[in-house]
Amino acid sequence: MTYTNRKKLKKVFLMIGVAAVVISVLIPYLWMVSGSFKSTLEIQSADIMKEELSPRWIPREPTFDNYMKVNKTVRMLDYMKNSLIISGGTMFFSVVISLFAAYALSRINFRLKRLYELSLFSTQMFPGIAFLIPYFILFSKVYKLTGIPMKDTYWGMIFTYTSFALPFSILMLRNFLDSIPISLDEQAQIDGCNRRQAIFRVLFPVITPGVTAVAIYSFIMAWNEILFASILTGRHTKTVSLGLMEYITTQQSRWGGMLAACILVSVPVVIFFTILQKQIIDGLVQGATKG
Amino acid sequence: MVLNQRNNITAFKFILPALLAMLFVHVIPILTGMFISFLDLDIKTLTQWLSAPFVGLRNYFDIFNSGMDVGRVFMRSLWNVVLYGLLTIPIGYVIALAVALLLNNKFPGRTIVRGLVLLPYITPDSVMYNVWRFIFQARIGLVNKLLLQIGLIQEPLIWLVGDRAMASVVMASVWKGWPFTCLILLSGLQGISAELYEAAEIDGASWWKKFRSITWPMLWPVTRTSLIMSCIWNFHAFNQFYVMLGGDTSSSVAVPSLVILREAFTNLHYGLGSAMAVIMLLVVLLFTGFSILSRKEELH
């Protein structure tokens, strides 16, 4: 075989491989989109054993019903609101708090710094289930002792999720700050800024990519969390990830409605990601490989 | 010394909010959890939890006692999570590596494809595992439809109930998990200098030879980090099982997090649940220790 032929063959195999990867990634999404336009009747009456009833890729009678009625049986729009408030709050607090902590780690030499870094690194690894039970009990006790409600409140959830997001966020921002020459903020301080001004006026603009990555990471983390939400949220604060499971009950399976809701729930995450793909990927890779 | 003292105070002020959050959400609950694991704490004793009967290590003996239901269920769940890891981590890694090598080539539309393969990773867990739950339905599901079409099965298989549920969850999690590993491996591949390959090509090295002596050793640090992290995250497994099993925490393929949830919040045995949680924490700490040691080794 000649050299160019071999090159051509290699190219063909490459394209086949890429196509296979893309198809296997897309299949569940296509099935989700197709299902969201099917009526409940069409999905429920499907039967793979019967040729004429086998579920199809193209809906027999496409309908927007599932989208129009998204708030009807399950209060999905309310859950969206709850999730937006909780995730938005988590995003804000996690950025502000981790910015200060990361600044201290990157710019100041202090006692027990190494120990603090190590504890950040380890808490990031703790499985949520390891402290869910005592956390739940402490939530109840705080309410009993002080009368401050924690369960089923927005700020209780925001506080919880912010704390979850912090270790990774701090370490990620520290990496970003380490890559900025210290002379930049020293100069600002010589010019009469105090530390806080130096952080917000001088450093903040330069590390926007890092801040963005932290913001998105925190938002998505809170948007996706299920374990703590299943115990700590209630009627007023139920989030989307739990809401999705309400469509399928022992009495009724509303697959069409669930799939339409799935698409709505994915929208904020996918939009965020598409706009800021580069920052997020850089941030994630750095966070995962350097920690 | 004065400057040092001032630095300490400034730094302390800066990390104080983060420190308080860690204290209230991680440190205090974990210590409380360890304390509760020595108590016979259930719904009856909860109101006066500090005076709940102290039972020493009994909860720990119970959760490892194969003569008791709670022991059998917990040990089964430990085996389940290990099995789950033994399946998803290697399969996920091999797929990720293969795709990373593939996408490291130049081809038209490479940027788009790279963004596209990340979709499973960024789509929320709850969304994707619900979709997979739909896909694995027996009579209306896509998996059975395709298997039937290619003639591998004659009858629809029940996927999500019984032992086959593990296979379904593994498939869905591999699909959801490999893109992230792939992303990390790709960034590792891009760090390998092209000159190494050029030199090898001049020597007439085969593809396999180049992989063995350049790509694999150069990727090893990334591989090692990623595998250790996967082992740690493996014990966090909850979402995929909770969603795909439809919130059923009594399944025979349940992992510890589901069993703990059930023991504490359905059976209302907080003491037993906490003992299981402490065991999970110890397992994860063990792997975290490995990971810290291996990072240190890397630095030297």
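Here are some worked exercises on a predicted model.

Before you start: residues count from 1 along each chain as its sequence is written, and chains are lettered from A in the order in which they are written. Local features need pLDDT of at least 70, side-chain atom pairs count only at pLDDT 80 or more, totals for chains, interfaces and linings use all residues, and side-chain values use heavy atoms, with hydrogens and water left out.

**Exercise 1. Work out how Arg174(A) and Asp178(A) are paired, and which network they belong to.**

Step 1: Start with the contact. Arg174(A) and Asp178(A) form a salt bridge, with 3.6 Å between the closest N and O atoms; the term means a side-chain nitrogen of Lys or Arg within 4 Å of a carboxyl oxygen of Asp or Glu. Side chains of opposite charge can pair when their charged atoms come close.

Step 2: Helices here are DSSP runs (H or I, at least four residues), and strands are runs of E (at least two), numbered from the N terminus.

Step 3: Check accessibility. Arg174(A) is buried at 11%, while Asp178(A) is partly exposed at 44%. The cut-offs, in relative accessible area, are under 20% for buried, over 50% for exposed and in between for partly exposed (1.4 Å probe, protein chains only).

Step 4: Widen the view. Salt bridges with shared partners link Arg114(A), Glu117(A), Arg174(A) and Asp178(A) into one network.

**Exercise 2. Compare the accessibility of the partners in two other chain A salt bridges.**

Step 1: Take Lys50(A) and Asp47(A), whose side chains meet at 3.5 Å, N to O. Lys50(A) is partly exposed at 40%, but Asp47(A) is buried at 8%.

Step 2: Now try Asp78(A) and Arg75(A), with closest N and O atoms 3.1 Å apart. Here Asp78(A) is partly exposed at 30%, and Arg75(A) is partly exposed at 34%.

Step 3: For the overall tally, there are 15 salt bridges over all chains.

**Exercise 3. Find out how many disulfides the model has, and look at Cys182(B).**

Step 1: Apply the rule, a pair of cysteine sulfur atoms within 2.5 Å. The count is zero disulfides over all chains.

Step 2: Look at Cys182(B). Its nearest cysteine sulfur belongs to Cys231(B) and is 19 Å away.

Step 3: Cys182(B) is buried at 1%, and Cys262(A) is buried at 0%.

**Exercise 4. Describe the surroundings of Ser251(B) and Val253(B).**

Step 1: Locate the serine. Ser251(B) is in the loop between α11 (239-244) and α12 (256-265) of chain B, and it's buried at 15%.

Step 2: Check its side chain. One of its polar atoms lies 3.1 Å from the backbone nitrogen of Val253(B).

Step 3: Arg164(B) lies in helix α8 (residues 164-190) of chain B and is partly exposed at 37%.

Key:
A polar contact is a pair of N or O atoms within 3.5 Å; within protein, one must be able to donate a hydrogen and the other to accept it, and residues adjacent in sequence count only if both atoms are side-chain atoms.
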